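Let's take a walk through this one together. Have the sequence and the coordinates open side by side.

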Amino acid sequence: MDINNQSGSSIVLFYADVSSEAENVIKQKIATLTIPNGMVNVPYEWLADLTSSAGNSDLRTVDLVGDLKDIGLKAEIVAGKVKISGTPTKAFRGDKVLVRPLVRPCFDNYTKTVRFYIDPNPRSLESPNLSVADYEGYNNDTAENGVILSNTEKYDDGQPKVLGLAKGETVPAAPIEIDTPSAVPFEVIAASARGREHADKGEPRDDAFHFEFDKDTHWNFVAVADGGGSYRYSRKGSELASRTVIKKLRETLTEEFKLSGLSSWRDEFIKANGKLPIEKENEYVNKTQLGKVLYDAVIAAYQAIDEEHNKREGTVLKDYHTTLLCAAFRWFPELNNNHGGWFIASYWVGDGAAAVLRPTVSGGNFPPDKVFVLGIPDWGELPNTTRFLTQQGENEPEQIRSRCRFSFCDSFEAMIFMTDGVSDPFFPSDAAVVRDEQCWLMFYEERLRNGCKDGVEAKPCPEVFDAQLTPQAKSEALLKWLIDIYARANRDDRTILIVRNNTAK
Amino acid sequence: MPIAPRGHSSRQILYLLLDTSDSLGKDREGNVDLTGITAINNGLVDLRAALVDPTQSFAETGHIRVITFGGGVKDGTLEPIGQFIPPDLEANGNTPFGSALKKLVELAKEDYYFARVEEGLPTGDADYLPSLIIMTDGMPTDEYESGLQEFLGYKRLSGNSPWSFVIAVAAGPRVETSILTRIAPNSTYQMNEMTPDKWRACFKWLAKSTENMAQATITGTQEEAVMPPLPPGMVRVRASVQ
């Protein structure tokens, strides 16, 4: 940053003939003068009455002299007042700006020194945009990907095939009491962008996402991970975590896997209206086969990172610190009294946000909630603290199980996973991520669709809701949306992954 | 279980608790061209310039409040760093350090409320991140123990210290540092000479330290924060074992 202390700048005020009394008033006003600071590229306007008495027109001209005149501001007299305005084009450091009133007839050499600053604008900072290919797992600055999860083919009767149904099975008949999910394909769209913090320093993106869909077992797997900003190889950690957890889940969740082992969980889940106490949930994770599968997958991710660090000399595990939010989900026809339902097994360590959104559910749906979250974000006492998969204690069975959730629902419109680079600007607190249904709906239906300009600036991204577009086109639009978000001091990498009913309007 | 840091920024407030007692207006070391108060005034403009560096998050979310003690306690307004206009401080009066500490705690509590309620920050205190630089050239002239106790008693909801960092600077070899080390046990420093060069170097070092500490807080690596090397003429003061 090249801003030198610019001396020799002054504001010269030229007055008409005034009495010595009036001159004293002028000097008094100038003696107590302060000029507010500005910022490059932000419109500036300052108005001050520096006449001997309000409404008097004894002030004739005002000039900016020295370096002050080349920063995009102009000075003029408007209705007797001094007006300095314009949009500053460069930074200015005025530790000693002289204000010099030249008052006729004496032209007394009175001066007042003020401090005046035009600060550089963090928003218009030009990022060096360097790439740092110092690791085999180097992430590109951005990534985006989108696929249609389910088979979009239609059955002979014109009904689209439903994700998760085995070949030959039919779409579940419309239930009598409750609505089933729309018999439509789902899509996954995801995007990830490097934050300003990394861009400014020419560092790579530390976030990662990954998803897979298994056509044979009909299980779907999604994950997002946020490598800790201050850890050397966290980008490798996030990549390994998201890929390994899915690889392991996919290996173990075979076609033979049945929900039958979860029948008593399901009964209790229904009884509790989708809100099982945490202890109960832990109990089921602990004693069911699926709980074991999820546990093994998380351990596999932890071990993959551990092995990576062992292979690489001079590193410690925490160099790879990463959060992880992941889920395995599929449609089970036998759920929900055989009306079918989505079953979701999730694991979440660290910050960020993950939830299932169902803006149109009615009382007849199960569960009745418009939003349910897939875990609890970790946040610490001090700002910017969270927990990582790779942290001591996170590979303990109890700890992993306490982070796992099983959920099911008869339908959903979107399931969203995001790293804190997205959740921080849009959610006022981590508590809101957990409890504020309105905040989630607002995020999805308003801020993403229509954009916003209320403390956080985001452009509209209607493409996500456009049934005509391919998932790839949507994810490209989503990436652009991510990059364009502006929130004060939000400089983190941003990643969002949306599983979406692609006919929802 | 320890909580590890994540990588982004939050709301920061830097408090400057500055001695402006009359001794700072005098020239103790035979330097006619620079009194302590002039050095502090010059230092503040350099500090401001360092903190508006747009590559630092402090430029966007940082706030500053200057509290001075000299003859009485004066408090500046809480301002975003961009709006901050370094004051021209004048030296006079005695050294009411205890009252200044009380004022600091009172204002810090007010600002905490402001940060949470007025600016719509979350109700927990996780986004509240105050830091403190104290500079004095003499002994308190008031009863300071109660102020010190108020300072030490100011805690987060959890009972931990609210300060992300505290740096205390004793300006001059004769300053009694045992009070400062009670406030900043691991980060009290002493200027042994007060020549113009040494003053400039001290503020440069403070600006760099603030930057490093603020950055470390943002990236969550306080425990690994790299303090810049101390300039010649400054030494770290260890707390004496009681």
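What follows goes from a sheet in chain A to a helix in chain A, and then to chain B as a whole. Keep in mind that this is a predicted model.

Start with the sheet. Three strands of chain A make up an open sheet in the order β3-β6-β5, and their pairing is antiparallel. Because β3 (44–48) and β5 (73–78) of chain A sit at the edges with a single partner strand each, one side of each is left without a neighbour in the sheet. Going from one strand to the next, the twist averages 15°.

Now look at how β3(A) is held to its partner. Strands in a sheet pair through backbone hydrogen bonds, parallel or antiparallel. Here β3(A) and β6 (residues 81–86) of chain A run antiparallel and are joined by five bridges. To find your place, look for A:W46, which stands opposite A:I84 in β6(A).

Next, the helix. α6 (residues 289–311) of chain A has 23 residues and spans 32 Å from first C-alpha to last, close to the 33 Å expected at 1.5 Å a residue. Its buried residues include A:L290, A:V293, A:L294, A:A297, A:V298, A:A301, A:Y302 and A:I305, and also A:E308 and A:H309. An α-helix has 3.6 residues a turn, so residues three or four places apart point the same way. What do the buried residues of α6(A) pack against? The partners are the helices α3 (234–252), α5 (278–287) and α8 (397–402) and the strands β13 (324–332), β14 (341–349) and β18 (404–409), in chain A.

Finally, chain B. Six helices and nine strands make up its secondary structure elements, and 50% of its 242 residues count as buried. Among chain B contacts with a separation of 6 or more, 72% come from residues 24 or more positions apart.

Definitions and conventions
Residues are numbered from 1 along each chain as its sequence is written. Chains are lettered from A and ligands numbered from 1 in the order in which they are written. This is a predicted model: local features need pLDDT of at least 70, side-chain atom pairs count only at pLDDT 80 or more; totals for chains, interfaces and linings use all residues. Two strands pair if DSSP finds at least two bridges between them. Helices (H or I, at least four residues) and strands (E, at least two) are DSSP runs, numbered from the N terminus. Axes are lines fitted to C-alpha atoms, for helices over the stretch in contact, and angles run from 0 to 180 degrees between N-to-C directions. A residue is buried if 20 or more other C-beta atoms lie within 10 Å of its own, exposed if 12 or fewer, and partly exposed in between; C-beta atoms are placed from the backbone. Two residues are in contact if their C-beta atoms, placed from the backbone, lie within 7 Å. The expected span of a helix is 1.5 Å times one less than its number of residues.
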